[in-house]
Amino acid sequence: LARGIDFSQKGDPRMNSAVAAKLDNPDMSLMDALIEGGFLYDLSDKVGVREQETVDDENVSLRQRKNQLNRRIRKEKQKNEKNKK
């Protein structure tokens, strides 16, 4: 239970871990949070490749994963603000 996040919620446990990592360390890049969460990217030969062309081991684009992570972070922050009131 990091930062009050209820991980019993449905969803990809890797994304849950990425959300917790980013909330615990706001200076962490979205990419680093996704990798820490467990998403796998082969970046060895990806110099100059656009985010929508970079895919993870499930063939989901990096851009899509970053957008999802941003949505989940925003949702957690809103939920935390609501619970403070």
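Does helix 1 pass helix 3 in a right-handed or a left-handed crossing?

A: Helix 1 passes helix 3 in a right-handed crossing. A crossing is right-handed if the near helix is turned clockwise from the far one by less than a right angle, and left-handed if anticlockwise. The model is predicted, so local features need pLDDT of at least 70 and side-chain atom pairs count only at pLDDT 80 or more, whereas totals for chains, interfaces and linings use all residues. Residues are numbered from 1 along each chain as its sequence is written, and side-chain values use heavy atoms, with hydrogens and water left out.

First, the chain as a whole. The chain has 3 helices and 0 strands, and its elements run α-α-α from the N terminus on. Helices (H or I, at least four residues) and strands (E, at least two) are DSSP runs, numbered from the N terminus. Of the 85 residues in the chain, 35% count as buried. Buried means under 20% relative accessible area, exposed means over 50%, and partly exposed lies in between (1.4 Å probe, protein chains only).

Now the pair in question. Two packed helices are described by the angle between their axes and the distance between the axes. The axes of helix 1 and helix 3 come within 10 Å and cross at roughly 65°. Axes are lines fitted to C-alpha atoms, for helices over the stretch in contact, and angles run from 0 to 180 degrees between N-to-C directions. On the side of helix 1, the contact is made by Arg14, Met15, Asn16, Ala18, Val19, Lys22 and Leu23. Helix 3 brings Arg65, Gln68, Leu69, Arg72, Ile73, Glu76 and Lys77 to this contact. Contact means heavy atoms within 4.5 Å. By class, the contact of helix 1 with helix 3 has 6 nonpolar, 2 polar and 6 charged residues. Here Ala, Val, Leu, Ile, Met, Phe, Trp, Tyr, Cys and Pro count as nonpolar, Asp, Glu, Lys and Arg as charged, and the others, Gly among them, as polar.

One of the residues on the helix 3 side is Glu76. Glu76 counts as buried because its relative accessibility is 3%. Glu76 and Ala20 are 56 residues apart in sequence and 9.6 Å apart in space, C-alpha to C-alpha.

Leu69 is also in the contact of helix 1 with helix 3. Not counting residues up to four places away in sequence, Leu69 touches Met15, Ala18, Val19, Leu30, Ala33 and Leu34.

This leads to the nonpolar core. A nonpolar core is a set of buried Ala, Val, Leu, Ile, Met, Phe, Trp, Tyr and Cys residues joined through side-chain atoms within 4.5 Å. The largest one has 15 residues, of which Met15, Val19, Leu34, Tyr41, Leu69 and Ile73 touch the most other members. Helix 1 (13–24), helix 2 and helix 3 (62–84) each supply at least two residues of this core. Helix 1 gives the most, with 5 residues. In soluble globular proteins, nonpolar side chains tend to be buried together.

The remaining helix packs against both partners. Helix 1 and helix 2 pack at an angle of about 130°, with their axes 7 Å apart. That makes helix 1 oblique to helix 2, because angles under 35 degrees count as roughly parallel, over 145 as roughly antiparallel, 65 to 115 as roughly perpendicular and the rest as oblique. The crossing of helix 1 and helix 2 is right-handed. In this contact, Arg14, Met15, Ser17, Ala18, Ala21 and Lys22 of helix 1 meet Leu30, Ala33, Leu34, Glu36 and Gly37 of helix 2. By class there are 6 nonpolar, 2 polar and 3 charged residues in the contact of helix 1 with helix 2.

Glu36 belongs to helix 2 (residues 30–37). With a relative accessible area of 54%, Glu36 is exposed. Leaving aside neighbours within four places in sequence, Glu36 is in contact with Ala21 and Met28.

Helix 2 and helix 3 pack at an angle of about 90°, with their axes 10 Å apart. These two helices are therefore roughly perpendicular to each other. Leu30, Met31, Ala33 and Leu34 of helix 2 make the contact with Leu62, Arg65, Lys66, Leu69, Asn70 and Ile73 of helix 3. The residues of this contact divide into 7 nonpolar, 1 polar and 2 charged.
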